[in-house]
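Please look over the sequence and the three-dimensional structure shown below. The paragraphs that follow lead through them step by step.

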Amino acid sequence: MSGKILSVILAAVCLAFSLCGCGDKNKLPTPEEPVAGTAAGEFEGYYSQLNYEVYNDDGTVAEQMYYLCTDEDYVHIAGQKNVYFGEDGRVQRYVVTMGMLNIEYVINYFSDDNGGEYLTKIYYNDETVVEKGEWDNNYTTPDGVKIHETGYQEYYSDGKTVKTFYLEEYSDGELIRTTSREYDEEGNMTSETVDEK
């Protein structure tokens, strides 16, 4: 029993020390004076502070985790950004999680070896249940056609059953199709509209 209590206390102390680091201005330069390699932590005007790095066997950076703070003194943490690098040193994937007590939204970005870029954003309510999902994907087909897909879907209160779905599809910059669907609470599609351009 005392071992479990000690483990909990040690975990709490470690968390406190990691959070206190956001108030230490000497730990990292301000965002206006970034050090090399930390630009990957920038996000929508938040002040990003590098918390840790993971290295590959060859010494290159494999992963970075940043605190996203609302103030330039790095005191008020709003969320975090995890960044994953490919073998070429470029950002291959990142995950942004906003909200400290409750998750507000999560952004997931991924790029493949063929230049495709895939971005999703999931919104949560106060009970951390999914309310809405958005996506914005860009890729090139084997035939060289540039495809852009953007859309969203909203969920019923269970956070699992889709309520509405909307998709726009572009080919080489031209809108070629829009699709919208409605579903009932049992997950059955009640209407669908496909508009071919």
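Predicted model: local features only at pLDDT ≥ 70, side-chain atom pairs only at ≥ 80, totals over all residues.

Where is the place of aspartate 172? Aspartate 172 sits in the loop between strand E9 (162-171) and strand E10 (174-183). Strands (E, at least two residues) and helices (H or I, at least four) are DSSP runs that are numbered from the N terminus. Although aspartate 172 is not a glycine, its phi is positive, at about 50°.

Residues are numbered from 1 along each chain as its sequence is written, and side-chain values use heavy atoms, with hydrogens and water left out. The pLDDT is the predictor's confidence in each residue, from 0 to 100. Its mean over the protein is 84, and 81% of the residues reach 70 or more. Over residues 1-37 the pLDDT is below 50, and this stretch has 33 contacts in the model beyond near neighbours in sequence. A contact means heavy atoms within 4.5 Å.

The overall architecture comes next. The protein contains one helix and 11 strands, and from the N terminus on the elements run α-β-β-β-β-β-β-β-β-β-β-β. Of the contacts between residues at least 6 apart in sequence, 21% join residues at least 24 apart. The protein has 197 residues, and 32% of them are buried; buried means under 20% relative accessible area, exposed means over 50%, and partly exposed lies in between (1.4 Å probe, protein chains only). The protein exposes about 12,500 Å², of which carbon and sulfur atoms supply 51%. These accessible areas come from the Shrake-Rupley method with a 1.4 Å probe, and for residues only the protein chains shown count as cover.

Two further loops deserve attention. Aspartate 71 is found in the loop between strand E2 (61-69) and strand E3 (77-85). It is buried, because its relative accessible area is 15%. Leaving aside neighbours within four places in sequence, aspartate 71 is in contact with Tyr47 and His76. Threonine 128 lies in the loop between strand E6 (117-124) and strand E7 (130-140). Threonine 128 has a positive phi of about 60°, although it is not a glycine. With a relative accessible area of 35%, threonine 128 is partly exposed.

Tyrosine 84 is found in strand E3 and is partly exposed, with a relative accessible area of 26%. Not counting residues up to four places away in sequence, tyrosine 84 touches Ala62, Glu63, Arg90, Val91, Gln92, Arg93 and Val95. Valine 91 belongs to strand E4 (residues 91-98), and its relative accessible area of 29% makes it partly exposed. With the same exclusion of residues up to four places away, valine 91 touches Ala40, Val83, Tyr84, Phe85, Tyr109 and Ser111. Glutamine 92 also lies in strand E4 and is partly exposed, with a relative accessible area of 29%. Beyond its neighbours within four places in sequence, glutamine 92 has contacts that include Tyr84, Phe110 and Asp113. Glutamine 92 and phenylalanine 110 are 18 residues apart in sequence and 5.8 Å apart in space, C-alpha to C-alpha.

About 220 Å³ of space lies in the largest pocket. Its lining comprises 13 residues, of which Asp88, Arg90, Ser111, Asp112 and Asp113 lie nearest its centre. On a 1 Å grid over the protein atoms alone, a pocket is an open set of points where a 1.4 Å probe fits, with protein on both sides within 12 Å along at least five of seven lines, and lining residues have an atom within 4 Å of a point. Grid points are joined across faces, edges and corners, and a volume is the space filled by probe spheres set on the points.

Leucine 175 lies in strand E10 and is partly exposed, with a relative accessible area of 29%. Leaving aside its neighbours within four places in sequence, leucine 175 is in contact with Glu168, Glu169, Tyr170 and Lys197. The C-alpha atoms of leucine 175 and glutamate 196, which are 21 residues apart along the chain, are separated by 8.8 Å.
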